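Please have the sequence and the model open while I talk.

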Amino acid sequence: NLEDESVLTCEATAQARASGAKILLVHVLQSPSLRAGFGAELESAAPESRRGAAWNALLHMAKMIEWEGAVCEPVLLEGEPVEQIPALAGRRAVDRVIVATRSTRGLDRLLTGSVAESLMTALDVPVCVIGPRAVHNPFRSMRGGHILLTLSLHHDRLDCVQLASLLAVRRRSILTFLHVLDVAGMGTASRKDARGAARASI
């Protein structure tokens, strides 16, 4: 979404600079009848005008990213994001996708939320989701900091552990593994055994 400029582009730039990756800055232009992604002025414009406005916005964002020291290529697609983004990721051998969710209620929540969730299930690469309450930290591009990896010990997802470990090494960050143990209904002995098993797994 072109309204996600600040947090989304800053996060993408920080990750790209840390890994030396190239950013594909993608926007999928949808039908005006599906959502008002650019506000009333752009939505009421003719299709060709909408494409031009979207492309100009992408170019501006790409220049800002490159000014920050990351290589960036703007890409404007048309259609459904849940179809176009995975197809592009496959064609261009993308190894990570960063997407923002801005809305938390109503029709916008139904549309934008479903896009992020659908991408997480459709893509075979890690998807980084920037929530609507995320605030850009100007020091995030610096080394150090703290990375929190929430784990379910009922699923064998070593790829998540590997990605978090790689980020922590590259950024020289502290990596914390978190698992919330459900001990409801357990006795004292059972709780002790469950905690011991969880600690061993982590």
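Let me start with Glu 73, which counts as partly exposed because its relative accessibility is 24%, where buried means under 20% relative accessible area, exposed over 50%, and partly exposed in between, with a 1.4 Å probe and protein chains only. Before I go further, this is a predicted model, in which local features need pLDDT of at least 70 and side-chain atom pairs count only at pLDDT 80 or more, whereas totals for chains, interfaces and linings use all residues. Residues are numbered from 1 along each chain as its sequence is written, and side-chain values use heavy atoms, with hydrogens and water left out.

Which residue forms a salt bridge with Glu 73, its closest N and O atoms being 2.9 Å apart? That partner is Lys 22, a salt bridge being a side-chain nitrogen of Lys or Arg within 4 Å of a carboxyl oxygen of Asp or Glu. Glu 73 lies in strand 2 and Lys 22 in the loop between helix 1 (5–19) and strand 1 (23–29), so this pair ties together parts that are 51 residues apart in sequence; helices (H or I, at least four residues) and strands (E, at least two) are DSSP runs, numbered from the N terminus.

Glu 73 also meets Arg 92 in a salt bridge, at 2.8 Å from N to O, and since Arg 92 lies in the loop between helix 4 and strand 3, the pair ties strand 2 to a part 19 residues away in sequence. The search of the whole structure finds three salt bridges, and among them is the one between Arg 51 and Glu 78, at 2.6 Å from N to O, which links helix 3, where Arg 51 sits, with strand 2, where Glu 78 sits, 27 residues apart.

Ala 62 belongs to helix 3 (residues 47–67) and counts as buried, at 5% relative accessibility. Leaving aside neighbours within four places in sequence, Ala 62 is in contact, that is, has heavy atoms within 4.5 Å, with Leu 25, Cys 72 and Pro 74. The C-alpha atoms of Ala 62 and Leu 25 are separated by 7.0 Å, although the two residues are 37 apart along the chain.

My last stop is the loop between strand 6 (174–178) and helix 7 (188–201), where Val 180 is found. Is Val 180 buried or exposed? Val 180 is exposed, because its relative accessible area is 68%, whereas His 179, in that loop too, is buried, at 19%. Beyond four places in sequence, His 179 touches Leu 151, Ser 152, Leu 153, Ala 198 and Ile 202.
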